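Hi,

Here is the structure I promised to pass on to you. Have a look at it first, and then read on for what turned up in it.

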Amino acid sequence: MSVNKVLSALASETGRKILMKLKEGKISSGDLAEELDMSPQALSYHLSKLKKADLIYETRHKNFIYYELNLSILEEAIVWINQLKGE
């Protein structure tokens, strides 16, 4: 896990909105763009940043791309933050 990439991705308000939406479960990129009222281009930028931080992963099924949270990376980030706090 790259802590810098994770923290950078989490610093983005849009990135956090995407993660909150993905908390509800797997969703296609088209549906995600519609739910968040974003253009596909803008969504693609933020998804790319989240993927590089390993916070999400994608699966492909026919002509659709679906996104899901990668909870293990979030758990690692929480452990790192707790260590920083001294817990």
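Helices (H or I, at least four residues) and strands (E, at least two) are DSSP runs, numbered from the N terminus. Please keep in mind that this is a predicted model, in which local features need pLDDT of at least 70, side-chain atom pairs count only at pLDDT 80 or more, and totals for chains, interfaces and linings use all residues. Residues are numbered from 1 along each chain as its sequence is written, and side-chain values use heavy atoms, with hydrogens and water left out.

Let's start with the sheet. Three strands make an open sheet in the order β1-β3-β2, with antiparallel pairing (two strands pair if DSSP finds at least two bridges between them). β1 (27-28) and β2 (56-61) are at the edges with a single partner strand each, so one side of each has no neighbour in the sheet. Between β2 and β3 (residues 64-69) there are six bridges; Tyr-57 sits opposite Glu-68, and Arg-60 opposite Ile-65. β1 is joined to β3 by two bridges, and Ile-27 has Tyr-67 as its bridge partner. In the hairpin of β2 and β3, with two residues between the strands, Lys-62 has a positive phi near 55°.

Next, the salt bridges (a side-chain nitrogen of Lys or Arg within 4 Å of a carboxyl oxygen of Asp or Glu). The count comes to six. One of them joins Lys-21 to Glu-24, with the closest N and O atoms 2.8 Å apart. Lys-21 counts as buried at 16% relative accessibility, whereas Glu-24 is exposed at 62%. Lys-21 also forms a salt bridge with Glu-35, at 3.0 Å between the closest N and O atoms. That pair links distant parts of the chain, with Lys-21 in helix α2 and Glu-35 in helix α3 (residues 29-35), 14 residues apart. Another salt bridge pairs Lys-26 with Glu-68, the closest N and O atoms being 4.0 Å apart. Lys-26 lies in the loop between α2 and β1 and Glu-68 in β3, so this pair ties together parts 42 residues apart in sequence.

Finally, Leu-7 belongs to helix α1 (residues 3-11) and counts as partly exposed, at 38% relative accessibility.

Enjoy exploring!

Methods: Buried < 20%, exposed > 50% of the residue type's maximum accessible area, 1.4 Å probe, protein only.
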